[in-house]
Amino acid sequence: VTSVFGMVVCSIMVSIFVSMSRISDPWVVRNQFLFRNTILLKCLLFFCGSSSLGMGVACLFDWGKARVVPSRVSMTEQFMEKDYFVVFVGGVIAGGGAAM
């Protein structure tokens with residue numbers, strides 16, 4: 001129950017940040033792909049950095065180690081099972097979407 005509550009709270013916080021920063025506007029996304037405005041990239045890097053910091057702080061406590069470390073190990077194992085062809089196809093799809 002606590003993990004669902006935490007997930008809901010984090011989702012609400014991210015959606016509030018996205019709506020207040022207006023990074024979902026089409027002109028922001030277009031300008032990001034044209035390298036005119038990098039606010040979208042900065043916000044996404046902020047999301048990655050803050051989640052890494054949050055997991056790092058959670059690992060300092062026993063309750064965090066019990067949840068973060070097993071999920072990180074299982075995610076690493078899933079990444080190691082991937083084939084390079086799947087990675088290539090995913091990159092082609094993402095690059096094609098970015099080019100459109």
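Okay, a definition to begin: buried means under 20% relative accessible area, exposed means over 50%, and partly exposed is in between, with a 1.4 Å probe and protein chains only. Keep that in mind for Q32, which counts as buried at 12% relative accessibility.

Quick word on what we're looking at. This is a predicted model, where local features need pLDDT of at least 70 and side-chain atom pairs count only at pLDDT 80 or more, while totals for chains, interfaces and linings use all residues. Residues are numbered from 1 along each chain as its sequence is written, and side-chain values use heavy atoms, with hydrogens and water left out.

So, Q32. It sits in helix 2; helices here are DSSP runs of H or I with at least four residues, strands are E runs with at least two, and the numbering goes from the N terminus. What is Q32 in contact with, once you leave aside its neighbours within four places in sequence? N37, T38, I39, L40 and L41, where contact means heavy atoms within 4.5 Å.

That brings us to the helix pair. In general, two packed helices are described by the angle between their axes and the distance between the axes. Here, helix 2, residues 26-33, and helix 3, residues 39-58, have axes that come within 8 Å and cross at roughly 95°. So helix 2 is roughly perpendicular to helix 3. For the conventions: axes are lines fitted to C-alpha atoms, for helices over the stretch in contact, and angles run from 0 to 180 degrees between N-to-C directions. Under 35 degrees counts as roughly parallel, over 145 as roughly antiparallel, 65 to 115 as roughly perpendicular, and the rest as oblique. On the helix 2 side the contact is made by V28, V29 and Q32, and on the helix 3 side by I39, L40 and L41.

Now the loop between those two helices. F35 is in there, and F35 has a positive phi of about 60° although it is not a glycine. Is F35 buried or exposed? Exposed, at 71% relative accessibility.

As for D25, its relative accessible area is 17%, so D25 is buried.

Back up the chain to helix 1, residues 2-21, where I16 lies. I16 is partly exposed, with a relative accessible area of 42%.

F46 and L34 are twelve residues apart in sequence and 21 Å apart in space, C-alpha to C-alpha. S52 is in helix 3 too, and counts as partly exposed at 46%. From S52 to G96 you go 44 residues along the chain, with the C-alpha atoms separated by 29 Å.

Next, K65, in helix 4, residues 62-80. At 45% relative accessibility, K65 is partly exposed. Leaving aside neighbours within four places in sequence, K65 is in contact with A58, C59 and P70. K65 and Q78 are 13 residues apart, and their C-alpha atoms are separated by 20 Å.

Last stop, helix 5, residues 84-99, which is the place of G95. G95 counts as partly exposed at 36%.
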